[in-house]
Structures are given as structure tokens and as C-alpha cells.
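Here is a walk through one complex, from a single side chain out to a whole chain and then to a ligand. Keep the coordinates open as you read.

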Amino acid sequence: MKQNLVCYRTFEEKSPSSFETYKKLNGYSTWEKLLKGKMKPSDVIDAIKAAGLMGRGGAGFPTGLKMSFINRDKEGQKYLVCNSDESEPGTSKDRFIMQKNPHQLIEGMAIAAYTMGATVGYNYMRGEFMTEFESCEKALKEAKKAGLIGKNILGTGIDFELINIIGAGAYIVGEETAMLESIEGKRAMPRFKPPFPANYGLYGKPTTVNNTESLASIPVILDKGPEWFKKLGTEKSGGTKIFSVSGHVAKPGVFEIPMGTPFKDLLELAGGMLDSRGCKAVIPGGSSMKIVPGKIMLNAEMSYEGMQSVGSAIGSGGVIVMDDRTCMVEALACVIKFYEDESCGQCTPCREGTNWLHQNLRDILAGKGNIKDVDLLVEIAGKIEGKTICAFGEAVAWPVQSFIEHFRDEFEFYCKNGYSKVKGK
Amino acid sequence: MNNKREFDSSVTKKIDTWKKKFPKEKPESSIIMSLRFIQDHYGWLSDKHLDMLADYLDLAPIRVYEVASFYSMYHRKPVGKYVLGICGSISCMLRGSEPLLHHLETKLDIKLGDTTKDGLFTLKEVECLASCTKAPAMVVNGTQYVEDLTPESLDKLVDNLRQGEQT
Ligand SMILES: Cc1cc2nc3c(=O)[nH]c(=O)nc-3n(C[C@H](O)[C@H](O)[C@H](O)COP(=O)(O)O)c2cc1C
Ligand code: SF4
Ligand code: FES
């Protein structure tokens, strides 16, 4: 299977992050075409739509369609924001684009911004990403020196200012409107929608937020053509996707592979199961997505439709593998503790509900569970889902509902006996 | 701490440079990074620092306080010279982060959240660091990643940091 065809295509080169390497791969050629008027903004949108690129940040919204929501000819400042917050448990992919292929991200941002009429773009990285920040700053300097970013680029009168910034630790910054609040120097509390960022975004101006992987895919799509990209994947899921495979596999790692690759091939790339144990369950798209029993995953393919058909989603591509020694009660408690810590606190169902869920799970783990707690967990999750300002509510509810749907016996056993069915006394 | 109500010039220089990343009329956008610069220089964020930053950026103090209390990388109390943040999220948990945390508690003879008596180490549990495929993972002082942790590699790290202090 061919790997590293799109966002990771520089990785096998000698100095993957350098300007020269990127130029050698025909880098910045699409940007120059746009600048010289050999390609129109509407061509970009059409190509991205035809390529079937869907947002790689988790929600899977069609990228071309999102770009068309902004009226580039409308007067006034507009912004592009690259979401490099990468904080979803299980997800480790965007950071390598910034470390080893930053120029492609810069070109992708320039193309997207120009297409939407935005003259300023922010790349917001999570607070811990100082290495990535420095790599992006270095690349930006090179691009500016080559006259490809800045004011009056190559004498065309076109401006694009790219600005790298870095946060200070908060998962919720990854929610796009929380990110806008954070850039405005506030607490990262998601905004009520509508209005959507395309109408009222950063500093109240029309704004588009895209994930790092989405934006870094754009130059390759335009350079090699939408058909080439689309054909890498399946009919409904164009292109490639980066999967970070973690947990109980022999060689955890990050793999950029065609959409539609069977899960068992991906598992093989990751060295197979750790200690050759059985595959009990997989969370295929970061901890916010629904868990799927191993048996089912081993027959599934990694695509939007493939994951939908097994009751989950591709999400951020964070594939978390659990072997048959995993206690599902402990695993869920760990997932929920994350959400309890990270709730921004503005919606009561989310703030209180995550706390109740975690308390309830802690009680079960302490041997103080009651068989009724299992239904109570599902009930609390149901009262969070759909009743909050942002999709964090679903991110909490889905793990609870799916863990109990598939592994109810383990939860009931723990409540009844006070110890783990898997681990024993 | 001295009682000067002025930041060191190395700090204000960084703040002034960072401010240029945002529109002129939006000084509040630089609060988040300014707090990091201050913390990197002074070790932690006292109320005095927050008031001083509000003054410096000409903002109401609440604007700075609400940011300082929201983001997890800020220390609102003094911490050790090395803050060890072990990831406790799911991928790291599956690869044994919990026993590692206990190992460190024993080695440093402190509980989670505490600082060693010599002021060298503070032990924290943090959430997913995006190092899930190199689990278990940790960060030292917020941004230095240490991955694929084992009890032995942790011992070595702590011993090396301790030794570095003595020489
Ligand atoms: C709680 C929460 C956390 C999120 N975290 C991230 C993140 O870390 N990175 C990201 O790109 N998108 C994240 N998203 C999705 C963004 O809100 C947004 O949909 C995405 O950045 C859009 O880019 P895309 O269309 O290219 O996927 C998160 C959403 C929610 C609700
Ligand atoms: S759902 Fe949770 S994280 Fe999202 S806005 Fe409400 S309280 Fe904040
Ligand atoms: S779960 Fe520990 S780094 Fe992601």
C-alpha cells in the first residue's frame, strides 16, 4: 500500500521541512498560478469539491462547500484560521505536518485565504507545541523571504499575512468558535450558533476555520488534480487520511493511507496486536467517537461510510485499540475524566453531567456501584446530548452510550460484584 | 519577590513584539502569550503580575484574571523548577501511565500536585498531549516532550535533572 502521498509527502526526503525540498516537489506552484491569474478562486472551490475533501478536524464537513460560504467580493476584513489545537485523545497527526511539511500548510492557507478573500490567516497551535511553532515560524520566514507571503506578493497587489500563534492549554480551544474567542484573548468558551463564523467570526468578521490536515491537503489536490486525489480513496471518501494508531498495538504509529483501507491492514501497519492478544474494541476517530467491538472493526474499512456503517465515525483519525485485557469500566472512566476536566463550564448539562458521570464511574470502580447505575449513566448521557452550546456534549454522551451498549455485562458485573470482570479480584 | 511594579525589560520586549500579531485596537489578544512570557520569566503568575499586565496592556484586571484562571498551562501558585506533567488520557492509560505516575510519586516522595521539598520538582497529571502513538508521554515545563516512558527512563530523567542542579 502506498503511504504518505499527500500531507506527509515530504517525509522521506532528506530535509523534509525545508523550502528547497518543498519547491522540488512543485510546491508553491498553485499559489503562483493563482497570483498570476492563471487560476481563479472559483476554480479552487470547484476542484476541492470535486476532490471530495472533507474536513479532517473531526466533523467531516465538505471543505469546498465551507469555502463557498464566504463571499470574497464583500467589502471588509475577512479571516482564515487554521485549527492546530490537536487535543482529542488518541489524535497525533497535525503536529507532524507542522514539524516536517510546514510549507505545504503555508501554501494551503495562502490558497484558501485568497479564495475566500481573506488577507490575514492565523495558525493556532496548542500551547505545548513549541517545537511545531518554531518549525512553522522558520518556514514562514523562508516563504516571506521568497516573496510568497506578505504585502503585494510578487508585485501582484495581493496581500496575505500569515500569523503563527500558540495557546496555553485547553482542549475546548479546538472547537472552532472557542478558538476565535481565544484569539480574541478571552476564555475559550464556544459561542452560540448561529451566527456562524462565516458571518460573524474573528473580531466579528467573516471567518473560516479549517483543520491543519484539511488545509495542507489543498496544494496537492490542485497540483495533481481533483481526480487523482479522489481516486486514491472511495466514491464517498476522497483521498487519503492520516490515522494515528495508539493503544494495544505492537508498533503504534501515524500512517497516511488511502481512504477505504481495511482496518485490518491498518492494524498490520501498526505491527498487529500487542503480544498477539485479541482485539477487543477500537475507538476509530478519537475519544469522542463511539467505540466499536473488535470483531466488527476487523471487517470494516476506514472511510466515512465504512465507519458510519459500524455505528461510529472517522472523526479526527485517532484509532485507539484495546486488547482483551482491557477493563471497559476503567477505560470509560478514563475517557470521562478527560471530559470532566475539559468542560468549559458554560452549559449546566455538560458541566454538571460530566461530573456526575465521573463520580458514578468512580463509585463503581470503588466497589460502591449499584446495578441501577448502569442505566443512570446512559440516562445522564442522554440528558447532555443535544442540549449544549457545542458538540462537546455529544463527545461526552457517545462514549458512554456506546461503551454500555457493547459491554453492558462488564458494567453490570462490576456493580454487582465490586470488581472487574476482566481483571478479577 | 521584589516590589517593583514593572516587568523586566526582556519580558516587555517579548510582549511588545507579540502584540504586533494582532490588530492595533485589540491589545487583549496578546494576554494569553504575555502570561506565558511572564510565567517563563518569574516562574509563576502572582496577583501582582496579573495586575501589572492589565496596567501594561491598559485593560481591566478582570480581563487578565479570567484568562489566567482558565488555561491549564498557567501556574497561579509557585511550582518546582521542573514541572513534570504525565499524560493520564486514554491512549497513555492503556500503555500504563497510572503505574508510572505512582512510580514517580514514590521516587520523588510526593503526591500528585505537590512539589518536592527542595523545590525542584512538581508532579502533575495532564490531559492528552498528542503523543498518543508514543505513549505513555509527558511534558517537562509545558513544552519539552518526553515519550515512550518506562520506569527506568523516568528514573534517569529525574536523576539527570537532579545531577544537573548539583554541578
Ligand atoms: C470539543 C471539540 C474539540 C475540537 N477539537 C478540534 C481540534 O483539536 N482540531 C480540529 O481541527 N478541530 C477540532 N474540532 C472541530 C472544529 O470545531 C472544526 O469543526 C474544525 O476545526 C473545522 O475544520 P475542518 O472542516 O477542516 O475539519 C473540535 C470540535 C469540538 C466540538
Ligand atoms: S457543551 Fe460543554 S464544552 Fe461545550 S460550551 Fe457547553 S459547557 Fe462548554
Ligand atoms: S493520550 Fe496521552 S498523549 Fe494522547
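A residue is called buried when its relative accessible area is under 20%, with a 1.4 Å probe and protein chains alone as cover. B:L100 has a relative accessibility of 5%, so it counts as buried. Keep in mind that this is a predicted model.

Start with that leucine. B:L100 sits in helix 6 of chain B, which covers residues 97–108. What does B:L100 touch, once its neighbours within four places in sequence are set aside? The contacts are B:P136, B:L149, B:T150, B:P151 and B:L154. Take the last of these. B:L154 lies 54 residues from B:L100 in sequence. In space, their C-alpha atoms are 8.3 Å apart.

Now widen the view to chain B. Its contacts can be read by sequence separation. Of those between residues at least 6 apart, 64% join residues at least 24 apart. Burial can be read for the chain too. Chain B has 167 residues, and 52% of them are buried. B:L100, at 5% relative accessibility, is one of the buried residues.

The fold comes next. Chain B holds 7 helices and 4 strands. In sequence order they run α-α-α-α-β-α-α-β-β-β-α. Along the principal axes, the C-alpha atoms fill a box of roughly 50 × 35 × 25 Å. The accessible surface of chain B is about 8,200 Å². Carbon and sulfur atoms account for 50% of that surface.

How confident is the predictor? For chain B, the average pLDDT is 96, and 97% of the residues score at least 70. The complex as a whole receives an ipTM of 0.97 and a pTM of 0.97. One caution applies. Where pLDDT is low, predicted coordinates should not be read in detail.

Finally, turn to ligand 1. How many residues surround ligand 1? There are 19, and the closest are A:G57, A:K66, A:N83, A:N211 and A:S214. By class, the shell splits into 5 nonpolar, 8 polar and 6 charged residues. Strand 4 of chain A, residues 207–211, supplies the largest share of the shell, with 3 residues.

Look at the oxygen atoms of the ligand. One lies 2.7 Å from a side-chain N or O atom of A:N211. A polar side-chain atom of A:S214 is 2.7 Å from an oxygen atom of ligand 1. On its own, ligand 1 has 610 Å² of accessible area, and the protein covers 90% of it.

Conventions: Residues are numbered from 1 along each chain as its sequence is written. Chains are lettered from A and ligands numbered from 1 in the order in which they are written. This is a predicted model: local features need pLDDT of at least 70, side-chain atom pairs count only at pLDDT 80 or more; totals for chains, interfaces and linings use all residues. Side-chain values use heavy atoms; hydrogens and water are left out. A residue is near a molecule or strand if one of its heavy atoms lies within 4 Å of it. A polar contact is a pair of N or O atoms within 3.5 Å; within protein, one must be able to donate a hydrogen and the other to accept it, and residues adjacent in sequence count only if both atoms are side-chain atoms. Accessible areas come from the Shrake-Rupley method with a 1.4 Å probe; for residues, only the protein chains shown count as cover. Helices (H or I, at least four residues) and strands (E, at least two) are DSSP runs, numbered from the N terminus. Ala, Val, Leu, Ile, Met, Phe, Trp, Tyr, Cys and Pro count as nonpolar, Asp, Glu, Lys and Arg as charged, and the others, Gly among them, as polar. Buried means under 20% relative accessible area, exposed over 50%, partly exposed in between (1.4 Å probe, protein chains only). Contact means heavy atoms within 4.5 Å. pLDDT is the predictor's confidence in each residue, from 0 to 100.
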